[in-house]
Amino acid sequence: MLFFTKNLQFAYPGQAIYHFEDISLNAGDSLLVLGKSGSGKTTLLNLLSGLLTPASGEVVLDGVVVNSLKGVKADRFRGENIGIVFQKPHLLAPLTVRENLQMARHFSKKEGLDLDQLLADLNLSHKANSSVSNLSEGEAQRVSIARALVNKPRLILADEPTSSLDDENAQKVISLLQNQAAKIEAALIIVTHDQRVKDQISNFIQVQTP
Amino acid sequence: MNLLKLSWKYLTHKPLTTGLNVLLLALGLAIITVLLLVQDQFEKKMTQDAAGIDLVVGAKGSPLQLILSSVYHVDFPTGNIPMDEAMRLSRNRLVKQTIPLALGDNYQGYRIVGTNHDYLNLYDAAFSYGNAWNEPFEVVLGATVAEKSGMKLGETFSGSHGISQGSHDHDKHAFKVVGILEPKGNVLDRLVLTSIESVWYTHDEEGEEESEVSDEDHEEHFHHEVAKSGFPQTDEDREVTSLLIQYRSPMAAVQLPRMINSNTSMQAASPSFEISRLFELLGIGVKILEGLAYVLIVISGLGIFIALYNSLKERRYDLAVLRAIGASRFDLLILILLEGISLTFLGSILGILLGHGFLLVLASQNETGVGAGLEAWIFLPAELWIVIYALFIGLLASLIPAWSAYRTSIADQLTKK
């Protein structure tokens, strides 16, 4: 098993405790996390990426208990093994497309993907040296996907990647994420309330407000 | 990509804010640099030019003016003194050596100084070309004068009356260049040196314009040997402008000035005393400039702080993203500190260059004055402190923003919609 969680619980101060369903994924598997707004989807994503520490339970990726890592080690592990695609691209504005990817590489000591190959796969070669402010929305999102992939992570987390896209582009982005995850043998978890995505990924869990 | 490059990219991403802060800091530091350089070189030059001169004796007036006109050749002379009185003083047992000076003319703003060969020896003058004057109207040019006027050995010119440019020319008898001095970086560089007789005869002509001078008289008058040391021989009542005196014993410092000031029609002034008085007077101006410089530096420090702090607000997402792709808290701290420090490093380098550039302009605008000898491209160890000081400002200004970046919670930041 590449990635699994056990009895994951989390509580914001003074609020009810979230109980999360256990997850287990092999390399190349995809999972949808569905739920209404405010149901705790993003909290789960932050727990899975190690940005939040659970009240109890554990998150295990590639044999490492993610929630037990502290400080610089946790940051390094996240940079090397977990790729996160945010709802908005959040690219670093002063840098070019290529530099944004190089920045992600800087924090990882692991051998990553070939930048040129990755840019070509995501149909971004022609934009490699342009400033990120000159990108269309779709291109910017592909760059943010490339950034999540560049260190060859074992787990890819995507937060509402399709919420602002039309049907056609939403479908393209999901297949892109699936194909790339399969290619680097990573597990893929997509957090969304977008029902359209269910057509492409059948494996899902539902998060409910406690 | 590394953190240094990233911080540089963020700085250049906002060229106007960055530029303004760098410029403010640079201006403040430029003023400090100029003050440092001028103080250092001025004091050295002032001391060097006055070395070996214990006392200056001239006509009554401002003692500072006497020193400035007779030692540094910048101000107007206080007037002339009778030579017999001057000669009497030179025979005083407390006096080791006297060098008489006769001032009053210039060539293109460079002063023509009538004196004897002791004046050359006082400054250990050496010749690039030719040798010292032997007859009236033979002159030796200082290195700067020769360079700027382009005159060579054997060329002739006529001086103008007065010590600044623009008066009428003495065109009756031309001066002839017989020697050019090596550059020494002292006051001789910008002087035209000749015998006291030359200066006398130049002015005699003015009065005798109408009278006929026979060839014989002319021969006797203008082609005898001039005095190489001491006072020139003359039967007439002649005057000189001032005397440079060396004491025989330390006792002289106590007795001689008092004796001259109370018993003669002349006044005595000590270069070291007058110069320290001058620096005291200038000190107020220097203090004001220094104050202005520090205000500029503090404002630029605040500017850098505000710029970093504001940009931090806009960049909370960027910082969170950096954390998400593997940067540690410490990396973010370094990133912000690097921005502040590279900003001030740039400012300090620019400031030092500006300071030296300003000095270059100052020196080239003031060819005949005291500013002439200022060297723009001498670097002092103290300038290293300017850089260190600036880096410290950068560190201080970026400390709070860096700390706030260090403490940013990424989970909160990334989940804000």
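Which helices of chain A and chain B cover the buried residues of H3(A)?

The legends describe a predicted model, in which local features need pLDDT of at least 70 and side-chain atom pairs count only at pLDDT 80 or more, while totals for chains, interfaces and linings use all residues. Residues are numbered from 1 along each chain as its sequence is written, chains are lettered from A and ligands numbered from 1 in the order in which they are written, and side-chain values use heavy atoms, with hydrogens and water left out.

**Figure 1. Overall view of chain A.** Chain A comprises six helices and ten strands (DSSP runs, numbered from the N terminus: helices are H or I with at least four residues, strands are E with at least two). Its radius of gyration is 17 Å, close to the 17 Å that the globule rule gives for 210 residues, so chain A is as compact as a globular protein of that length. This radius is taken over C-alpha atoms, and the globule rule is 2.2 Å times the number of residues to the power 0.38. The C-alpha trace of chain A spans about 50 × 40 × 30 Å along its principal axes. Buried residues account for 55% of the 210 residues of chain A (buried means under 20% relative accessible area, exposed over 50%, and partly exposed in between, with a 1.4 Å probe and protein chains only).

**Figure 2. Helix H3 of chain A and its cover.** Helix H3 of chain A runs through residues 97–106, and its buried residues are A:Val97, A:Glu99, A:Asn100, A:Leu101, A:Met103 and A:Ala104. The cover over these residues includes helix H4 (115–121) and helix H5 (137–149) of chain A, together with helix H1 (3–13) and helix H11 (316–324) of chain B. An α-helix has 3.6 residues a turn, so residues three or four places apart point the same way.

**Figure 3. Two loop residues with positive phi.** Most residues other than glycine have a negative phi. A:Asp62, which is not a glycine, has a positive phi of about 55°. A:Asp62 sits in the loop between strand E5 (56–61) and strand E6 (64–65) of chain A, and its relative accessibility of 42% makes it partly exposed. B:Phe137, likewise not a glycine, has a positive phi of about 70°. The loop that holds B:Phe137 lies between strand E5 (127–130) and strand E6 (138–141) of chain B. B:Phe137 is buried, at a relative accessible area of 2%.

Figure 4. Chain B contains 14 helices and 13 strands. Its radius of gyration is 31 Å, well over the 22 Å that the globule rule gives for 417 residues, so chain B is more spread out than a compact globule. Along the principal axes, the C-alpha trace of chain B spans about 110 × 45 × 30 Å. The chain is divided into domain 1 (3–46 + 283–416) and domain 2 (55–269), with bounds that come from an automatic or database domain assignment. The centres of the two domains, taken over C-alpha atoms, are separated by 51 Å. Of the 417 residues in chain B, 50% are buried.

**Figure 5. B:Gly230 and its surroundings.** B:Gly230 belongs to the loop between helix H8 (215–222) and strand E11 (239–240) of chain B. With a relative accessible area of 23%, B:Gly230 is partly exposed. Not counting residues up to four places away in sequence, B:Gly230 touches B:Pro100, B:Asn116 and B:Asp118 (contact means heavy atoms within 4.5 Å). B:Thr241 is eleven residues from B:Gly230 in sequence and 14 Å from it in space, C-alpha to C-alpha.

**Figure 6. B:Glu239 in strand E11.** Strand E11 of chain B holds B:Glu239, which is partly exposed at a relative accessible area of 42%. Residues up to four places away in sequence being left out, B:Glu239 touches B:Asn80, B:Ile81, B:Pro82, B:Met83 and B:Trp200. B:Val22 is 217 residues away from B:Glu239 along the chain, and 59 Å separate their C-alpha atoms.

**Figure 7. B:Phe345 in helix H12.** Helix H12 of chain B (residues 329–365) contains B:Phe345. The relative accessible area of B:Phe345 is 40%, which places it among partly exposed residues. Apart from neighbours within four places in sequence, B:Phe345 is in contact with B:Val387 and B:Leu391. B:Phe345 and B:Ala30 are 315 residues apart in sequence, with 13 Å between them in space, C-alpha to C-alpha.
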